[in-house]
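I'll jot down what I look up as I go.

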Amino acid sequence: MDGLYSQIRIALHQVWRRRWLAAGVAWGVAVLGWLVIALIPNSYEAKARLFIQQQQVFANLPGSTVEDRNAQMLRLKQTLVSNENLTRVVRRTDLNSLVANDRDLSAVVSALRTRITVTQQPDGGLEIKASSNISGFSNAQNARTAAGTVQGLIDAFREQNMSGDRQEAGQGLEVLDEELRRREAALREAEQRRVEFEQRFMGALPGTGTISDRMNAARTEMAGLEQQIAAHQASLTAMRAQLASTPATLPGMAGESSGTATGQIAQLQGQIAQNLARGWTESHPDIVAARAQIARLRPYAAQERSSGNTGGISNPSYVSLRAMMAEREAQLSAAMTRRNQLQADLGQLSARQSTEPSLAAQQSQLASDYNTLKTQYDQLVAQREQIRLRRDINSRTSPISVSVVEPPSVPSAPAAPNRPIFLTLVLIVAIGAGVAAAFVKAQLQTTFPTANRLVQVTGLKVMGTVSEVVSAFERSRRRKKLVLLGGTLAALGGAWVVLMLVEFWQRSGVA
């Protein structure tokens, strides 16, 4: 511990003997550092905070969803630093004095963009910062420019929020209307080509779709028609047999015989039916006799029918059967006509397919073109309706409400550099540099501060030491030098104080 204390005392003594070198180096480093700090222009920064409140009234309508509103705020954030907005800011601030031509304007706008920061806050707000450190401006001008830049961006944000989305929607509607007119004309042409092709090749075939689909539908319909024709024919055969066994007329009132052959035959048939219902067989004598009598009366009944004198009333069953037969015959005729038409159309189309194999490809291409145009047209119509509805919504309500939570103000102190800290650091570094210079010089000189150090280095014994004898004149001269050294160091501190006072005075002038 004593050795360390001795080394510190020796180092301090060496520095003290070279105190004027330390003072000179300290002054040189301080003046150089302060000069460098003085050349750094002050950078003034202004900021503002905006609160963005998104409208929730029409949350389910197109253009009003959370994603759409976030995208809209992101778009506004990006367009804040557009060339148009920054040009407007330059024209409204002291930066306009730097603009002499279009080239200067472009350079000023580009430099201004690098000094602007727009940050989205977690609470849904925006923080806008702008700095100004123009070397040709005074501190007051730089402070006003920073505040004016932020205020200009806020004004641009409000203007875009009020009219930007409406103008965009109006321009979008004009573009969509023009595109819809073009697509509508193309769709009509495609539909006309498709209709002409179908009328030429597939007009009589049922169904929709390609040629193969229509031919399959026609064959399916023909199979159904064949079944209908077979059913109608079987029904007509049964109805004809039933009609042959049904008398056209009935006996007179209350079932009494009028004496005609037709009436008698009807009575005999009724008796036979009743007897058969009782369980009699065809071999019963009464039934055999009745059958024989009917056979004798048939020629007379035929003569009565030919002469129109049946002697009875019309049979409703006979009339109904005749009407049903007429209806079945009409249905049978219609089904056979449709079947023959389909057979002819299928034969004609099959012949065309064999002679023109490109029909299927042509029809598929026409259908594909039409469906593609129709899908695109429907999508454009839906988009136009959404944009129109969004424009109507925005014309009555604003999707985003902008409130200035923290308006910009003219900064009273520069954001950078922090001159009081830098001036103090330079002073400390200067003093340290002076002490270090004196210590380094002492180490480079071959002198021995103590007798022990001489013994350590040379290995020789020291017989004795001679102390310095200072005369009164020398002491007076040394006191004067000490006062001068103190004044020099005090002047260094005074220079630091003056610089600090100047800095705060300049700040008070900006405020």
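My entries follow, starting with the whole chain and then going to single spots.

**Entry 1: the whole chain**

I remind myself that this is a predicted model. I looked up the make-up of the chain and found 14 helices and 6 strands. Of the 511 residues, 30% are buried. I also checked how far apart in sequence the touching residues are. Among contacts with a separation of 6 or more, 79% join residues 24 or more positions apart.

The average pLDDT for the chain is 75, and 71% of the residues reach at least 70.

I marked two stretches to treat with care. Residues 56–64 stay under 50 in pLDDT, and the model gives them 17 contacts beyond four places in sequence. Residues 253–258 are below 50 as well, with 6 contacts beyond near neighbours in sequence.

**Entry 2: the largest nonpolar core**

Next I went to the largest nonpolar core, which has 27 residues. Which of them touch the most other members? I noted Val90, Leu95, Leu112, Ile116, Ile128 and Val150. Then I looked up which elements give two or more residues to this core: strands E1 (44–54), E2 (116–120) and E3, plus helices H4 (83–92), H5 (102–114) and H6 (139–202). H6 gives the most, with 6 residues.

Leaving out residues up to four places away in sequence, Val90 touches Leu95, Asn96, Val99, Leu105, Val108, Val109 and Leu112. There is also another core, apart from the largest one, with 14 residues; Leu225, Leu236, Leu243 and Met325 are among them.

**Entry 3: helix H5**

Which residues of H5 are buried? I found Leu105, Val108, Val109 and Leu112. Looking down the axis of H5, I see these buried residues fall within an arc of 100 degrees, so they line one face of the helix. Arg103 and Thr114 are exposed on the other side of H5.

**Entry 4: Glu127 in strand E3**

I moved on to Glu127, which sits in strand E3 (residues 125–132). Is Glu127 buried or exposed? Its relative accessible area is 14%, and the cut-off for buried is under 20%, so Glu127 counts as buried. Setting aside its neighbours within four places in sequence, I listed its contacts as Lys47, Ala48, Arg49, Thr117, Val118, Thr119 and Gln121.

**Entry 5: salt bridges**

How many salt bridges are there? The count comes to 8, and I looked at three of them.

Arg339 pairs with Glu226, with the closest N and O atoms 3.3 Å apart. This pair links distant parts of the chain: Arg339 is in helix H10 (residues 316–355) and Glu226 in helix H7 (residues 211–244), 113 residues apart. Arg339 is buried at 16% relative accessibility, whereas Glu226 is partly exposed at 35%.

Lys374 and Asp378 also form a salt bridge, at 3.0 Å from N to O. Both are in helix H11 (residues 359–396), 4 residues apart, or about one turn of the helix. Lys374 is partly exposed at 31%, and Asp378 is partly exposed at 36%.

Glu282 and Arg291 meet at 3.1 Å, N to O. I noted Glu282 as partly exposed at 42%, and Arg291 as partly exposed at 40%.

**Entry 6: Glu503 in helix H14**

My last stop was Glu503, in helix H14 (residues 472–510). With a relative accessible area of 4%, Glu503 is buried. What does Glu503 touch, not counting residues up to four places away in sequence? I wrote down Pro414, Arg419 and Pro420. I also checked Leu423, which is 80 residues from Glu503 along the chain; the C-alpha atoms of the two are separated by 9.9 Å.

Definitions and conventions: Residues numbered from 1 in each chain as written. Predicted model: local features only at pLDDT ≥ 70, side-chain atom pairs only at ≥ 80, totals over all residues. Heavy atoms only, no water. Buried < 20%, exposed > 50% of the residue type's maximum accessible area, 1.4 Å probe, protein only. Contact = heavy atoms within 4.5 Å. Core = buried A, V, L, I, M, F, W, Y, C linked by side-chain atoms within 4.5 Å. pLDDT = per-residue confidence, 0-100. Salt bridge = Lys/Arg side-chain N within 4 Å of Asp/Glu carboxyl O. Arc of directions from axis to C-beta.
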